[in-house]
Amino acid sequence: MNEKRRTLLKAVGGSTALAALAGCISTGGDGGDGSGGGDGSDGSDGSDGGTTGSARLWADLADAEDEALTDYIDQYESDTGNTINKEAPGGELDQQLETAIPAGDGPDSWIWAHDWVGRFAVREDPPFLYDASDDVDVSLDSYTQAAREAAQFNDGLYGLPFASETVALFYNEDMVDEPPETMEEMVSIMEEYHDPENGEYGLSYPVTNPYFVSGFIQAYGGNIFDEGNLEVGVDSDACKRGMDALETLSDYVPADPGYESQIVAFADGLAPFAINGPWELGNLSGEVENLGVTTLPTVDGNHPRSYSGIQLFYFSSMLADADQSTVDAATGLAEWYTTNEDIIQTNAEEQGYIPVLADVVGNDDLSSEVQAFAQQVDHGVPIPTHPDMDSVWTPVTEALERVFNDEQDSDAALDQAASEIREAL
């Protein structure tokens, strides 16, 4: 896969790649709970059996995820008679939306993490999101509290949630006897394998991507951006201490920090560890015979506070002027998919998706890999959804790049990033 959706969260206007997703947004309203209708958990689409419709869905997923989604859409179409035209966006998703929606050629729905809800909900000229509070016929109580809050902003319901995500530690069980619990243990194992002159490394990790590295930067309690107080904290003493831990890990990765260069080292058995998300579970399980997943190692006794988020079916502003049959097709797919226990359970088993459907969350049948990601979600913090967060990603990415390329020391880089963010706000 290319950097796909986990190039995550690019700044609007599309400069550099960034970040991604189980938390809740702080400004969620009630959004309407759809209590007058069924919850769709029986596999129905929640519609009244009226005219069938057609809707466009944009999805930029890893191969295994995309294949599974295609099969589910086929099933939905067979069950309902609706047609879902699933398309790849043809480039970075947010950049394509910025072009397509103003031109009136955007999708009716798209799949992405919850972090765009706040940014897009405040867009007015043109609007980017559609408030489906009056169209969705499913009780929001079907989902965990964090998930239902993630789909809402200022009393509007802008999507439906189906999974939470964060990054965790993948390890090759043929190379690692016991997964490390501490940074010191991990460094000891990486030292054993790191031999870059022979194309072998200690770790596969996109270390210039703020989403991926957020856990270590925030390990000592600092926040890159404090959504509650709307304060920039990336230059705090706590974040600078976390940056030191990140630099330790950076010494063991391939020279190219790009996503593809990093993940291939682990997939090819050239590194004992990778730090990545559950979207890679399906792909890596086919490449690494004995694949293990565990939480990120502690740093001085602190659990890395990785960014986490909620995957949503977003409702696009294209629906505002669409036929009701199109609205029903788009929202019906989201209802059917997100409340179908078989789908959620299968996605957990095969894709590593962390369930947010309340009836599945406590299921003892969840795999050890999914449980590891779920534990890391518990250690993590939600990606801020406040529109100001849009000004954070690019300065932090560029700071990480300067540090990785030995162009600037980490304290100065974080100070510069914080200054640039504050100037932009």
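**Ground rules**

I am working with a predicted model, in which local features need pLDDT of at least 70 and side-chain atom pairs count only at pLDDT 80 or more, while totals for chains, interfaces and linings use all residues. Residues are numbered from 1 along each chain as its sequence is written, and side-chain values use heavy atoms, with hydrogens and water left out. I take helices (H or I, at least four residues) and strands (E, at least two) as DSSP runs, numbered from the N terminus.

I began with how two packed helices are described: by the angle between their axes and the distance between the axes. Here axes are lines fitted to C-alpha atoms, for helices over the stretch in contact, and angles run from 0 to 180 degrees between N-to-C directions.

I looked up helix 5 (residues 183-193) and helix 7 (residues 237-250), and found that their axes come within 11 Å and cross at roughly 20°. That makes helix 5 roughly parallel to helix 7; angles under 35 degrees count as roughly parallel, over 145 as roughly antiparallel, 65 to 115 as roughly perpendicular and the rest as oblique. The crossing of helix 5 over helix 7 is left-handed, a term used if the near helix is turned anticlockwise from the far one by less than a right angle, with right-handed used if clockwise.

Which residues make the contact? On helix 5 they are Met-183, Met-186, Val-187 and Met-190, and on helix 7 they are Ala-245, Thr-248 and Leu-249; contact means heavy atoms within 4.5 Å. I sorted the residues of this contact by class and noted 6 nonpolar, 1 polar and no charged. Ala, Val, Leu, Ile, Met, Phe, Trp, Tyr, Cys and Pro count as nonpolar, Asp, Glu, Lys and Arg as charged, and the others, Gly among them, as polar.

I also checked Glu-192, which sits in helix 5. Glu-192 counts as exposed at 59% relative accessibility; buried means under 20% relative accessible area, exposed over 50%, partly exposed in between (1.4 Å probe, protein chains only).

Next I followed the chain to Pro-206, in the loop between helix 5 and helix 6. Is Pro-206 buried or exposed? Pro-206 is buried, with a relative accessible area of 4%. Not counting residues up to four places away in sequence, Pro-206 touches Phe-212, Val-213, Pro-257, Tyr-259, Gln-262 and Ile-275. Ile-275 is 69 residues away along the chain, yet the C-alpha atoms of Pro-206 and Ile-275 are separated by 8.0 Å.

Tyr-259 and Gln-262 came up again in helix 8 (residues 259-267), where the buried residues include both of them. I noted that strand 7 (168-172), helix 6 (210-217) and strand 10 (273-276) are among the elements covering the buried residues of helix 8. Just after helix 8, Gly-269 has a positive phi of about 75°.

I found a cis peptide bond from Asp-125 to Pro-126, with omega near 0°. Pro-126 lies in the loop between helix 3 (116-121) and helix 4 (145-150).

Asn-154 has a positive phi near 50° and is not a glycine. At 54% relative accessibility, Asn-154 counts as exposed. Asp-300 also has a positive phi, about 50°, although it is not a glycine, and I located Asp-300 in the loop between strand 11 and strand 12 (307-315).

**Entry: Gln-351**

I found Gln-351 in helix 11 (residues 341-351). Gln-351 counts as buried at 5% relative accessibility. A polar atom of the side chain of Gln-351 lies 3.3 Å from the backbone oxygen of Ala-64.

**Entry: helix 14 and helix 15**

I finished with helix 14 (residues 393-404) and helix 15 (residues 410-424), which pack at an angle of about 160° with their axes 9 Å apart. Helix 14 and helix 15 are therefore roughly antiparallel to each other. Helix 14 passes helix 15 in a right-handed crossing. Among the residues making the contact I listed Pro-395, Val-396 and Arg-402 of helix 14, and Ala-413, Glu-420 and Ile-421 of helix 15. By class, the residues of this contact divide into 7 nonpolar, 2 polar and 3 charged.

Conventions: Polar contact = N/O pair within 3.5 Å; in protein donor to acceptor, adjacent residues only side chain to side chain.
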